[in-house]
Amino acid sequence: SLAPLEQEDFDGSYFMACTHIRKFLSRINQARLGVGKDVPYINTGVMVYNLPALRQHLRLEDVRSWADGRPLFLPDQDILTALYGDKVKLLDDLVYNLSDRILALHNADPRRTPIDLDWVRQNTVVIHYCGKMKPWSGDYIGVLDVFYHELFPEE
């Protein structure tokens, strides 16, 4: 259920979202985008918007001005991180934006308790099939497609 997010306080942030980037790539993106070390690179696949704050502070001119002429790797994520990354409350990516890559990275870290599909079934709210391979395309590699096929068994 997404109901817990409805009760979550923005704590002054404009967005709630997850990051899919770990320390090394965070440093690269921080340097590339000219943001501080405490600004995470935001995955825009799953987001909650603080509409009152955005209506007051987001300006299309700022977005256009910052993006104009810049080489952007993932434009939506680059712009959000550069302009508003310090106004994002991070959510748990294992719960609200789980992908096969995030699951594999988590389970490969010997400092973390591995999680399995039963844990995902009990705890994860949003599975994000990001990237080119999708469970409905026939070339999917990963374990999280089981949830898609439970919802759409005929596909």
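The structure holds zero disulfides, a disulfide being a pair of cysteine sulfur atoms within 2.5 Å. This is a predicted model, in which local features need pLDDT of at least 70 and side-chain atom pairs count only at pLDDT 80 or more, while totals for chains, interfaces and linings use all residues. Residues are numbered from 1 along each chain as its sequence is written, and side-chain values use heavy atoms, with hydrogens and water left out.

Student: Why is Cys-18 called buried?

Tutor: Buried means under 20% relative accessible area, exposed over 50%, and partly exposed in between (1.4 Å probe, protein chains only); Cys-18 has 1% relative accessibility, so the residue counts as buried.

Student: What makes Cys-130 partly exposed?

Tutor: Its relative accessibility is 33%, so Cys-130 falls in the partly exposed class.

Student: Why is Ile-28 called partly exposed?

Tutor: Ile-28, found in helix H2 (residues 23-33), has a relative accessible area of 39%, and is therefore partly exposed. Helices (H or I, at least four residues) and strands (E, at least two) are DSSP runs, numbered from the N terminus.

Student: Why is Tyr-49 called partly exposed?

Tutor: Tyr-49, in strand E2 (residues 43-49), has a relative accessible area of 46%, so it too is partly exposed. Setting aside residues up to four places away in sequence, Tyr-49 touches Phe-10, Tyr-14, Phe-15 and Leu-54, where contact means heavy atoms within 4.5 Å.
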